[in-house]
Amino acid sequence: MQGSIDLDHRSAVQYLLRIGDTCLILGQRLSEWCGHAPVLEEDIAMANMALDLIGQARAVLTHAGAIEGRGRDEDQLAFLRDERDYRNLTLVELPRGDFAFTVMRNAMVATLMKLLWERLVDSSDEELAGIAGKAVKEARYHQQHAADWVVRLGDGTAESRRRTEAALRELWLYMPELFESDAVDDACQAIALGPRWIDLREPWLAEMRSILDEATLAMPAESAFRSSGKRGLHSEHMGYILADMQFLQRAFPGGVW
Amino acid sequence: MNQEWPLWEVFVRSKSGLDHKHCGSLHASDAKMAIQMARDVYTRRQEGTSIWVVLSEQIVASDPGDKAMYFDPMEDKVYRHPTFYRLPSSVDHM
């Protein structure tokens with residue numbers, strides 16, 4: 001049994017882990033659709049996007065490991081941390097729900113990631129800028145794919161609308177966390193590593209509003225609830241997803257394909 | 001009411017300058033979805049630079065029963081192949 005590794009608390013590493021972990025956990029969630037999506041074509045689309053996200057996570061975690069300078073690679077960072085050392089948004093760890101829930105969440109996350117990657121293309125960190133240049137193309141497609149489904153389902157049948165509205169209501173509770181900024185964000189903006197996430201809020205709201213308008217859905221009011229995955233305090237779902245993900249590396253340390 | 005999404009034929013162009021080639025079919029509710037799904041199903045391994053989709057029911061096909069009448073008579077007409085010309089050596093690719 002492989003023990004856990006501890007976490008580097010420097011701002012740049014934290015900032016990268018927020019990005020890498022958000023991609024990693026959403027990728028894991030999307031991969032759960034493999035073999036279960038409503039139609040074969042969407043099954044493949046979900047698996048494609050899951051692999052895009054895992055690929056982004058690999059690049060960002062590898063880079064985080066390099067900045068740490070303690071010789072830890074993507075696998076060690078992805079599979080050997082304890083729950084509270086993961087820095088993903090709580091939004092992405094929620095169970096995949098029905099198809100409406102999945103595409104609504106994808107629309108919210110892809111819109112955020114697209115805006116973030118667009119800014120990271122100009123990062124002072126050349127490696128991160130390079131990763132962003134590749135990832136932004138993937139995120140643009142993810143957003144288009146998800147938005148297309150939100151519109152179809154929101155402006156669809158009574159049943160699809162009911163499910164889409166329910167998904168939007170639940171997911172919107174976790175929206176404020178996307179734009180919570182803290183000392184990590186301030187420090188990374190100061191060295192031009194990347195933007196404070198709060199600065200993405202207005203463009204994000206504008207893009208989401210246009211998607212929801214087209215889907216004839218009303219944007220919910222912002223809740224007072226604040227989820228805290230970015231700070232390592234996760235929902236009750238996180239432990240289960242980590243158990244799934246980590247089992248193999250914990251049982252067979254260093255195992256590779 | 002038919003609940004099944006209509007069938008679309010997918011054509012992918014692998015490189016600029018080449019023709020779109022038929023590569024398969026899929027079900028989608030409309031043209032926009034068909035293009036998106038074709039991208040996900042048929043271009044995942046760098047196969048494409050451009051996609052066409054067309055409703056399968058819009059394709060008019062020859063009747064397999066006409067195969068003998070249509071195609072067999074060409075078997076012994078080798079003179080229709082341009083193999084009896086000697087190409088100038090400066091022409092590389094024909």
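Before I start, a word on classes: Ala, Val, Leu, Ile, Met, Phe, Trp, Tyr, Cys and Pro count as nonpolar, Asp, Glu, Lys and Arg as charged, and the others, Gly among them, as polar. With that in hand, please keep in mind that what you see above is a predicted model.

Let me take the second largest pocket, which holds about 500 Å³ of space. Of the 22 residues that line this pocket, the closest to its centre are A:W149, A:L153, A:T157, A:S160 and B:W5. Two or more lining residues come from each of α5, α6 (126–154) and α7 of chain A, and α7(A) gives the most, with four residues. By class, this lining divides into nine nonpolar, seven polar and six charged residues.

Two of those helices also pack against each other: α5 (residues 99–120) and α7 (residues 158–172) of chain A meet at an angle of about 50°, with their axes 8 Å apart, and they are therefore oblique to each other. The crossing of α5(A) past α7(A) is right-handed. The α5(A) side of the contact is made by A:A100, A:F101, A:M104, A:R105 and A:M108, while α7(A) brings residues including A:R163, A:A167, A:L171 and A:W172. This contact has eight nonpolar, one polar and three charged residues.

Finally, the largest pocket has a volume of about 740 Å³, and among the residues closest to its centre are A:D75, A:M245 and A:W257. Its lining draws at least two residues each from α1 (11–31), α2 (40–68), α3 (74–79) and α11 (238–251) of chain A, with α2(A) supplying the largest share, seven residues. That lining has 15 nonpolar, five polar and four charged residues.

Notes:
Residues numbered from 1 in each chain as written. Chains lettered and ligands numbered in written order. Predicted model: local features only at pLDDT ≥ 70, side-chain atom pairs only at ≥ 80, totals over all residues. Heavy atoms only, no water. Axes fitted to C-alpha atoms, helices over the stretch in contact; angles between N-to-C directions. Parallel < 35°, antiparallel > 145°, perpendicular 65-115°, else oblique. Left-handed = near helix turned anticlockwise from the far one by under 90°. Contact = heavy atoms within 4.5 Å. 1 Å grid on protein atoms, 1.4 Å probe; cavity = no way out; pocket = protein on both sides within 12 Å on 5 of 7 lines; lining within 4 Å. Points joined across faces, edges and corners; volume = space filled by probe spheres on them.
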